[in-house]
Structure formats: structure tokens, C-alpha cells
Amino acid sequence: MTMTAAASTSSMPDTPEVAELPPLPEHLWGMLFHDVQSRGLFDDSKTFVDMIPTQSVEEIMADYARLCDRYSNCSDVPCVSNDALREFVEARFERIETQANVEPPERQGTVRDHIDALWNVLTRQPRPRYNPNSSRLPLPHAYVVPGGRFNEIYYWDSYFTMLGLYESGRIDLMRDMVNNAAFLINAYGHVPNGNRTYYLSRSQPPFFCGMVGQLAQYDGEGVYAHYLPQMEREYVYWMDGVEALHNCEAYRRSVKLHEGTLLNRHWDDLNTPREESFREDMETADRTTRNHIEVWRNIRAGAESGWDFSSRWLTDPHDLATIRTVDILPLDLNCLLYHMESTLASTHRRLGHYQRADLFQSAANSRLDALRRLFWSQEEKRFGDYLWHDDALTDSVNASIVFTLYFGVATEEQAGHVAHTLENQLLQPGGLVTSTIDTTEQWDAPNGWAPLQWMAIKGLKRYGYEQLADTIAKRWMHNNFYRFEKEHKLLEKYNVMDIDGAPDGGEYPSQDGFGWTNGVLRALLAIYPDATLDNTAP
């Protein structure tokens, strides 16, 4: 299987080279960035890095140097007060990028009507004039943002948003979303976490093949051939460095186990505090004796997972400073890579590229064997994340197990145990809880998330567990309906243990809008068209 990554690039002569990476906010604004972000000048650390400068970098930094010089002899440290610093920033930057009012002006009838109306509110158009000093990466087509503080695309959110776009008849936006992802792969070699400069060093759970598959439902299987170069290029990104790996070695996102099996982990190419969460990451590292670079690398890798953050990544489930993401081979990520390899194999076979098809099928088969063997505890009858240094599963019981059903990874026997775990350990009055542990992290109890509900429902149906799938669907829909009736909002995440309670944990308040919640609920309404607040009550 050592040929796959190298061979992929040779089959794409028309794909452009990876673009030169634009400067990061930290590099653009230097001491100004450090002062604003380290002091917590804004309630949300993302605010400053999303603001648009109204003057050149040179002018702003010269002005800031003069402001600092004015106070250079003062006895206070820092000399420039927060009020003066905020006034300086507000005079030279615009907050256009952070406007987050995603609600339609009035309630749009039923929740189905509301979601259909929200797509236009959440759609952003390409900007005719690109500001090179903005953190926003330009995209050629319209795109749907999640909402709230998230005013850019997010990679794995897009897949679940597209579920609803399809049911709303917004095939135009589905095509735009896939074409934007393909554009980013062509330009940077991968789909970043989001279309921001500070997200370029990492990706998110790789759903591009799934996005293409969704579009194929409408446009036909020819779309697989159309996007084959980008699907292969993304595979190169995730498998980078495999040819040079020896057993028990890792490079970026690739890991080679002692017996030669190739698997994947999450990674980030930087090992500094995240620019959009600079103060938070500094504070996390400051409360531990661990090497700070090690902490930041693992925090960033955790952000790539989309589960930012969860006890599943932590040695101590209640202490983010113990994060160890790069030591873990995630169950869900490797299910996604299995799906990617299988999709590439079937696409090449359909095109008559039998040698390439066999290579990808061999990789898929090897990964499937590893998933069923290494990520499975026969003693505990459960799937889990794999600690590759220790040859053992982590202790975390969490909803990532639904990926094994959604992508057909589990055997029939294993699927039965997954269903049992979902029903007896994760099912709550308002849907599936994300993990069995209640922490201060948002990807833990008491929270539930739309993508995990969808994958559980569809995965259980795939294996014939219709009744449990229906129960999860109705409880989740009831939770959505209930909150919508009370607040006229669809939220990023929900408290599934107490539907009267608010979601808990995380680095920011729960957001409304909300892209993937809208997408999943709209798709569920197509499966359960008669569902109402009353008839879905548990």
C-alpha cells in the first residue's frame, strides 16, 4: 500500500500546486495581536482575528508603535489601558465579519418552513473585492455558514448541512458547497477546518467523499469521476509520509503500527496557541507542568477532530491540560478513511482503472480488518479509540461508535453490541448523549449533537435496528421542537439529559442558527413527515 499517496499526484496533472499560505493574524499584527488576545480585550477571542482592517498593516502598526511610545515611561504594566487599546482597535478595524444575526425577522410558519427560510439568511456570497489582510479565505461560490459566531464554512458541518439543503430543494447550494470544497483542496491540498487563514494548518473529519456522494443522488454517479482528482488529493493529505514510515512510527496524520498496518490520527501543523482561542490556550498550558508546545499541539489536533473538546482525548477526563490527541487513533476518523478508500476504489473500478481500484480496495480491506480487530474489545464488547503506543483502547464510551454503523464497518455481531451500548448507556430523554461523562467540555454529557444523532439513526436502520433508530429520532426531534417552541431557535447543540436545561460546557456560549442542526432536522422531517412536538414526546 506504499504506492497510494505517491501514485495519486501523478494522476492529477491539471491540479494546481498548493497555494502559498497567506499570513496569519499573529504574523500580521505582531505585538498588537498579542496584546489584544492575551488580555481578553473581547469576550470572544475569535472577534479580533475576524475583524477587517480599514488601513494598511504598515499604517496600523506604525500607529500602534506611536501609541506604545506615548506610554513608554509609565510605571504601569501594561502601559496602554484596555480602554485605550479597544478604542485603538475599533478605530482601525471593522466587525463586519462577526455580525451573527441569523434569525429571520419573524417566525416562518412551521419548523420546516423556518429551516427553508434560514438557508438564505445563512448563505454568504463571494466577495467581489478580497482584502488580503482579512483572515477570511476567498471562495468562488456561495456557501452556507453554521450561524452565530461561525460566519465561515466549516468542513464537516457542511456535509450535514447539505442533508437539509437536499430536502429543501436547494441543489444549487449543494453544488456550490461541493465546488468550494474542491476549490480549497486544489488551492491548499485539503479542506481546512474553515475558510480562515488561522484554520489552514488543520482540517476536520474528512467528509468530502460523502459530500460528493450526496450530490450524486441528484446529479448521478458521474460526479464521482468529476471530483476524483480532489478526492485523491485529499487522500494524499491524510496519508502524507506513509512511504517513509517504519513500524511504530508516525508522521503528521499517518501512523504505522508494529505489524505494518497504516492508520490515521488527528494533527495540526502548528504547535502554538490557536489564534482564535489564544488566551484560553495560554491559560490551559499555564496550569500544567507539561511542555507547553506539547499541550498546544494536542489542543490543535483535538480541534481538527471536530470534538473540541471531549473527555475522549484526555488522560484526566476533567482536565483539558492532559489532552493527548496525537497518541490516539480515533475510531470515527479511521471509519471515514475507510469510506474514502472504498469510494476511491469503486470510482476507479467504474472508470476501468482496475489497478488503481485494487490498490485502494486493498487499503480499505486492511483498514477494515484493523477497525474490527484493534478498535474492538471482545472482553468489553465495545468499539473505542485506540492508543497506538499502548496497544489498548481508551476508557471513553462515547457516541463516535455510530460511525461503525453508518459506514458499515461493524460486523453483524458487533453491530448488536453497538446498538446495546447506544440504548443502555447513551440514550437519554432528548436523544443520544455524546459521552457517559459529565465534564466542562461541550462534547461530553449532558450534550447531544445533530450529526451523531443522524449517523446513529441511519446506521441502526442499516443493520435492521429500526425501533431503536425511531426512538432516537423522535426523542431528538422532540428536543428540537420543544426548544424551538420556547425560544424560536435551532441550536448548535442540545442538553439531551434535561430538555429544559441549557447545553453545558465549551469555550463559548451555545450558538443558534444552526447549520447542521437545520440540515439534520430537515432530513429527519422527510423520514418522519408527521412528527410533531406532541407525538414525539418520550
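How far does helix α2 (residues 25–38) span between its end C-alpha atoms, and what would a straight helix of 14 residues span?

1. Helix α2 spans only 14 Å between its end C-alpha atoms, whereas a straight helix of 14 residues would span 20 Å at 1.5 Å a residue. The expected span is 1.5 Å times one less than the number of residues; helices are DSSP runs (H or I, at least four residues) and strands likewise (E, at least two), numbered from the N terminus.

2. This is a predicted model, in which local features need pLDDT of at least 70 and side-chain atom pairs count only at pLDDT 80 or more, while totals for chains, interfaces and linings use all residues. Residues are numbered from 1 along each chain as its sequence is written, and side-chain values use heavy atoms, with hydrogens and water left out.

3. At Met31, α2 bends by about 90°, the bend being the angle between axes fitted to the seven residues ending there and the seven starting there. Gly40, with a positive phi near 65°, follows α2.

4. Tyr64 and Phe88 form a tilted aromatic pair, 5.2 Å centre to centre with 55° between the planes. Rings of Phe, Tyr and Trp (its six-membered ring) pair if their centres lie within 6.5 Å; planes under 30 degrees apart count as stacked, over 60 as edge-to-face and the rest as tilted. Tyr64 lies in helix α4 (residues 57–70) and Phe88 in helix α5 (residues 82–92), so the pair ties together parts 24 residues apart in sequence.

5. Ring pairs also link a cluster that includes Trp156, Trp307 and Trp516.
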